[in-house]
Amino acid sequence: MHTIENMNKPFELACKRKLNIKQGFFLSLIRTLGFSGAITLFLILSFVFYNGFQVLSWEFITEPPIDAMTKGGIFPVIMGTILLTILCMVLVIPVGVITAIFLAEYSKPGVMLKSVMMSIYTLAGVPSVVFGLFGLGVFVVMLNFGTSLLAGSMTLAIMILPYIISTSEEALKAVPYSFKEASLACGATKWQTIWKVVLPTAMPGILTGAILGTAKVSGETAPIMFTAAAFFSPGVPRSVFEPVMALPYHIYVLATAGTHIEETRPIQYGTALVLIVIVLAMNLLGIILRLKQRKKRAW
Amino acid sequence: MKWQTKERLVEISVSSIGLLSVIVLLLIGFFLFKEAFYIFYKEGVIRVIFGSQWYPTHEPPDFGMFPLIAGTIAVTLLTSIMAIPLGLGTAIYIAEVANHKVKEFLKPLIEMLASFPSVVLGFFGMVIIAPILSNWLSPILSEKLPEMLRNTNLPFISTTLADFCYDKLFIASGLNITTASLMLTVRAIPVIASIAEDALTAVPRTYREASYSLGADKWHTIWKVVIPASVSGLSVAVILGIGTIIGETMIVLMVAGGAAVVPHWIFDAARPMPAAIAAEMAEAPYKSLHYHALFGVGAILFLITFVLSMISDFISRKYRSVRIGEKV
Amino acid sequence: MVEEKNIFEIKNFNVWYGDFQAVKDVNLNISSNRITAIIGPSGCGKSTLLRAMNRMNDLITSSRTSGQMLFHNIDIYDKNTDVIELRRRVGMVFQKPNPFPSSVYENVAYGPKLRGIKKKSALDEIVEQALIKADLWKEVKDKLNDSGLSLSGGQMQRLCIARSLAQQPEVILFDEPTSALDPISTAHIENLLQELQKTVTIVIVTHNMQQAARISHYTAFMYLGELIEFGNTDTIFVNPANKLTEEYITGRFG
């Protein structure tokens, strides 16, 4: 029989630790790669924070832009993003949660379930600019909403729908079967059980998903470019059929179009900072909520 | 009302709302292809897809999409070279190498990076990366470096290589496909990393135990046991990462340079498909040929990402448990 | 029988998981070329002690040890000890059969390949020998390229034994190797252990007392992390010195 190297050496001699160069090399390579994302995030954040803080002031947040947007604040821009996001969530959460209830509680294996899952999976991969095209064609033109808060919110709602469905479904599926059994054993119907037991138990998880979804929606530009965003509007819109300004679009417009690209640099930095703070705050909130639920979950 | 009727009604309404996502997907597909049909009908599929002239506002206009498609292919390839190793490396680090504390710190960080607004990444590319490339890197690579090489007086190095640096490493504008790819890499890393990390974590602990108990070191266990066992999940991560790169709009719109020509070199400008849609849609009159052409671009994008989703869905269904094959 | 000597000497050995002490001040010698069984109620630290013998508990980040674990008079917890060489010489078979999701052949060849054996003919021979020793060759010689996961439970466990044997280990640690198997497969594995014992030292953790009585030469009884009694299997089962041991063996607690 062939023998293995070291086989016949006494353990004393064979056991001296060898330098494992190959492993050392690859593991340090992986360590370096592993931190690449974190370092980039840190670099970009410090860039935005460093430049943005110099512009940030109370007036910057509460005043509208003046002098062809080269001076003044970004109040309508912030409000636009907040309105778009809230309306989007109001539209998407009911549909998303009900779809999730369908998937978690009512669906039976078959063609219908398969096609619903497939559609959600595919929708999640559709580029955001394609949602923009769809919103333009259907909401802006066909339904005649015009370039408006409503058209933009609906476009965003369709874009974020797969995410809301999958986070809600996960939350619903995490509800232990014994809870349902207990309710059914008390003589509750299926819907009563879902409404009184399953949904309330899953609610924290659903909300966490919604908050993380908010972070994604508020930073999107491409879907609202042709459906909602206005280059300039003086104040907060009076109805959902009016166009709005939005933080990501504002950054894009000031940085690429127009004649004052260099002069408006500070405003661009300030806008980027406000957007980042909103997105990261939402993210952080979502992550903390999720950690808390994980700790609290006793079942 | 009897409770049975009520339950039945609830079930019917929940199921019909459940079908909404199918309807939405069908609507999107139908609408895109309906609006795109006219351009392919009018100009011919081959002429549109392989035509090399994209002059939508000229008189007469040209709607050859090949430069846009080539732009997308170029940035996708360049980005993949960087984003796939970085994304998979991050996943391996988090799942296999990092200790508990580092893991708890890095995972949310990656998640944050995933929802980082791409317009800010584009902005960063414009304001920081582009000037660095054109004002700082270009003089070093195309002036100082060839000069140094020429002074060596070595065959080949002082002539061919020096000329190559002089010609090819000159960066006329910082807004080019390299800058775009760098920022797209930042966009794609978290996507690839988070899906790949799930795939690695799903490998049963017993495989690792068996490998370690046979005296394999950590690297060997990762390379020969964990990675082969999760190869389907890892490829899904890569495919979805590529989907993200292809569909990402704001970054290529802001930093790819915008020229609707086929890029020949890594410092050339390009106008990838999403950038063309975003840049031109606002100016295209409703129902004009240009409008239909942009929907044509959108339909192609939709088709590509649709196919990628199908492939990754197929892989994750088919290879739930994979064989390591003959590689162990 | 081959002459026996102490291959493992465990001295004042402790293992903690975080704040929980799983093994308390254990002193135990393992004789070479014998079967030593470790018995005790679940949670008594027997598996932890076994896993400490080839440092598999290194994989649990919160674990730490104190005291001495000598293998051939070398403390395996010394920082200079090559843990990889240790695990090559001290193999392990787990409770649940855990073949890799690759072919039978690749499973057995995994260890030798790790040691740098590349020649196909050499690998073929090692694989065949290991499978013969594990009494699996006759059943799988025609399906070496089939997935290891396609075998029956008992066959999978023997495949895992063959995988360990291919490394030519001096000791194999068995962590309740038959608890997931049917009685026929269990008997098969027990016979195999009796056969292997001629060339390899065996330490087996089991909660099946009859199994310990049937196959082992020495038996250690552990309770709440402590080693209560250790001695010849015959003595332990017929005439235990400690009251706790007697109660456990006669089935009066647990």
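## How to read the model

Residues are numbered from 1 along each chain as its sequence is written, while chains are lettered from A and ligands numbered from 1 in the order in which they are written. Because the model is predicted, local features need pLDDT of at least 70 and side-chain atom pairs count only at pLDDT 80 or more, though totals for chains, interfaces and linings use all residues; side-chain values use heavy atoms, with hydrogens and water left out.

## Chain B as a whole

Let us begin with the overall picture. Chain B holds 14 helices and two strands (DSSP runs numbered from the N terminus, with helices being H or I of at least four residues and strands being E of at least two). Along the principal axes, its C-alpha atoms fill a box of roughly 90 × 65 × 35 Å. Of the 328 residues in chain B, 56% are buried (under 20% relative accessible area; exposed is over 50% and partly exposed in between, with a 1.4 Å probe and protein chains only).

Chain B has 24 positive and 23 negative charges, whose mean positions are 9 Å apart. Here Lys and Arg count as positive and Asp and Glu as negative, leaving out His and the chain ends; each charge is placed at NZ of Lys, CZ of Arg, CG of Asp or CD of Glu.

## Where chains A and B meet

The contact between these two chains takes 77 residues from chain B and 82 residues from chain A. Together they bury about 6,900 Å², with 80% given by carbon and sulfur atoms (the accessible area, with a 1.4 Å probe, that two parts lose on being put together, summed over both). On the chain B side, Met112(B), Phe123(B) and Trp219(B) lose the most area to chain A, together 10% of what that side buries.

Ser312(B) also touches chain A. This serine sits in helix H14 (residues 289-318) of chain B and is buried, with a relative accessible area of 0%. Not counting residues up to four places away in sequence, Ser312(B) touches Tyr121(A), Val236(B), Ile239(B) and Leu240(B). The side chains of Ser312(B) and Tyr121(A) are joined by a polar contact of 3.0 Å (a pair of N or O atoms within 3.5 Å; within protein, one must be able to donate a hydrogen and the other to accept it, and residues adjacent in sequence count only if both atoms are side-chain atoms). A polar atom of the Ser312(B) side chain also lies 3.0 Å from the backbone oxygen of Ser309(B).

## Backbone details in loops

In chain B, the peptide bond from Glu59(B) to Pro60(B) is cis, with omega near -5°. Pro60(B) belongs to the loop between strand S1 (54-55) and strand S2 (62-63).

Asn33(C) has a phi of about 55° and lies in the loop between strand S2 (20-31) and strand S3 (35-39); it is buried, at 14% relative accessible area. His72(C) has a phi of about 50°, lies in the loop between S4 and strand S5 (74-75), and counts as buried at 19% relative accessibility.

## Buried neighbours in chain C

Asn57(C) is found in the loop between helix H1 (46-52) and strand S4 (63-71). With a relative accessible area of 2%, Asn57(C) is buried, and a polar contact of 3.3 Å joins its side chain to that of Tyr77(C). Ala52(C), in helix H1, is buried at 0% relative accessible area. Its contacts include Asn57(C), Phe13(C) and Tyr77(C).

Elsewhere in chain C, Ser103(C) occupies the loop between strand S6 (90-93) and helix H3 (104-114). Ser103(C) is buried, with a relative accessible area of 0%. A polar atom of its side chain lies 3.1 Å from the backbone nitrogen of Glu106(C).

Methods: Contact means heavy atoms within 4.5 Å.
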